[in-house]
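I set out to record what I looked up in this structure. The entries follow in the order in which I made them.

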Amino acid sequence: MLFNAKLAQDFSRDLYGEGIYAIGFFFPVVAKGQARIRTQISAAHKIGHLDRALAAFTKVGKKYNILGKSKEEIVEMYGL
C-alpha cells in the first residue's frame, strides 16, 4: 500500500526500469487514498525471479524512503 496515486505511478515506473512489471492502482480503480502496487506471481516463476523482484522492490522502496514506514508516515511524506 502506497496510499498516494503519484507515488504508486512513480514506484511502478521505477520497478519497470528494474525489469519488474507491476501496476500502480489508484482512484477510480480503488478508493481515494488506497493507491497500491499490484503484481502477479506464476507457478512458472523460480526462486531467482522472486529474489530479483524482492531486490527491485527493496531498491525502489529505499529510493522513496518508505520501507518500514507506517501509513501515517507515508501519507505525511507524500499526501493522499
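Where does Tyr 21 lie? I found Tyr 21 in the loop between H1 and strand S1 (23–25); helices (H or I, at least four residues) and strands (E, at least two) are DSSP runs, numbered from the N terminus.

I noted that this is a predicted model, in which local features need pLDDT of at least 70 and side-chain atom pairs count only at pLDDT 80 or more, while totals for chains, interfaces and linings use all residues. Residues are numbered from 1 along each chain as its sequence is written, and side-chain values use heavy atoms, with hydrogens and water left out.

**Entry: Tyr 21.** Tyr 21 counts as exposed because its relative accessibility is 61% (buried means under 20% relative accessible area, exposed over 50%, partly exposed in between; 1.4 Å probe, protein chains only).

**Entry: Asp 14.** I located Asp 14 in helix H1. Asp 14 is buried, since its relative accessible area is 12%. Leaving aside neighbours within four places in sequence, I listed Val 60, Lys 63 and Tyr 64 as its contacts (heavy atoms within 4.5 Å).

**Entry: the core.** I then turned to the largest nonpolar core, which has 14 residues; such a core is a set of buried Ala, Val, Leu, Ile, Met, Phe, Trp, Tyr and Cys residues joined through side-chain atoms within 4.5 Å. Leu 2, Leu 7, Phe 11, Leu 15, Tyr 64 and Ile 66 touch the most other members. Helix H1 (5–17) and helix H2 (47–63) are the elements that give two or more residues to this core, and H1 gives the most, with 4 residues.

**Entry: Leu 2.** Beyond four places in sequence, the contacts of Leu 2 include Phe 11, Ile 37, Ile 66 and Ile 74.
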